[in-house]
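Please look at the model below and follow the explanation alongside it.

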Amino acid sequence: MRCRASRYLPHTLHYYVFCYIFASVNEDFVHKWRSQVKKGTLAFIVLNILKTRELYGYELIEQIRSYTAIDVAEGTLYPLLNRLKDEGLVNAKWVEQETGIPRKYYSLNEKGLASLAQMTQFWEELQKSINKLSK
Amino acid sequence: MKMLTFNDKTANKIYQLYIKRVKKVSKGLPEEDKDDILMEINSHIYEAMQRVHVKEATEADKLLDILDRFGEPEDVLRPLIAEKKLRQATTTFNPVHIVKALALNVTNGVAYIIFSLLYLFLFTFVFVIGAKILYPKEVGLFFQDGSFYLLGIIDPKYRQKYGVEEVLGNWFIPAMLLVSVVFYVLTTLILRLVKRRRK
């Protein structure tokens, strides 16, 4: 809901005042909800990307951006990777590079794959019910 | 670790300063974790410098942009360090690590405030040991008519008047030591459990 000038409505002061109040509240709510969903699904997205091949942090950020249009902050991703590692879902290893600056590669392990399978199942069920609901 | 070098003097300075801040924030961690954090940030900066191409941007501009995206080391590393510190604390049983870990985690929930109180409570047992050494007659575990009355300090006059008896005698200090150690180990084990469940 945006406060656009409409040809069909008289643009009284009331219209703008009410429109502004309701529009700003709604947009604010949706905005917050979107960031909550993004935050909640980031681990799922990361695991899905790592399913295909092992990646280092910077590459992973690029991939997330290209697949999802989510501009993930580095300050969120690295702690998340660390948590996934601590939980035993991903492995991490340092790989020496010719440049002398090694890269830390993350890969999905058995436990990660199994967990991802469960997450995917839940995701699909949720999607089905939402589709049914919002029909 | 191989440090990065920049042609631009300003960029070099910015980089050195940032690394210094990272080192400062991660100071209390085990060497392995410290190196890991530093190396990963170093690698991130290096890869980003290679990829980001902005027309007419100087090295310093690019670096500033990358670091800006990464965030302030103090903010970004705080949750990471709080978690690593907690793991270190609960595996080593080192009281210094525990105090630091709790201080870092205290903003992360009521549970850690409760743990801080538990450790503080534990300190009271240590305190009465010290008090017993200084005031052997006034300090002890006191019973009145066979039931628990007080653990701590009591005025001898009051003691006589109400028939309060000290029951542990010479065993007071060893008993308090034992209670402290058991309490300490138990609390730390519970902390480890809670930490595992919360992650």
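UniProt positions are given here in the numbering used for this structure, and such annotations may be inferred rather than shown by experiment. The model itself is predicted. An unreviewed UniProt entry carries the annotation "transmembrane region" for residues 110-135 and 171-194 of chain B. In the model, residues 110-135 of chain B are 96% helix and 0% strand, with their end C-alpha atoms 37 Å apart. Residues 171-194 of chain B are likewise 96% helix and 0% strand, and their end C-alpha atoms lie 34 Å apart.

Chain B also contains a sheet. Three of its strands pair in antiparallel fashion to form an open sheet in the order β2-β1-β3. Strands β2 (147-153) and β3 (164-166) of chain B each have a single partner strand and stand at the edges, so one side of each has no neighbour in the sheet. From one strand to the next, the twist averages 35°. Strand β1 (residues 139-144) of chain B runs antiparallel to β2(B), and six bridges join the two. Within this pairing, Val139(B) has Ile153(B) in β2(B) as its bridge partner. Helix α6 (residues 110-134) of chain B packs on the sheet and touches β1 and β2 of chain B. The direction of helix α6 of chain B makes about 100° with that of β1(B).

Attention now turns to chain A. Tyr56(A) stands opposite Tyr105(A) in β3(A).

Notes: Residues are numbered from 1 along each chain as its sequence is written. Chains are lettered from A and ligands numbered from 1 in the order in which they are written. This is a predicted model: local features need pLDDT of at least 70, side-chain atom pairs count only at pLDDT 80 or more; totals for chains, interfaces and linings use all residues. Helices (H or I, at least four residues) and strands (E, at least two) are DSSP runs, numbered from the N terminus. Two strands pair if DSSP finds at least two bridges between them. Axes are lines fitted to C-alpha atoms, for helices over the stretch in contact, and angles run from 0 to 180 degrees between N-to-C directions. Two residues are in contact if their C-beta atoms, placed from the backbone, lie within 7 Å.
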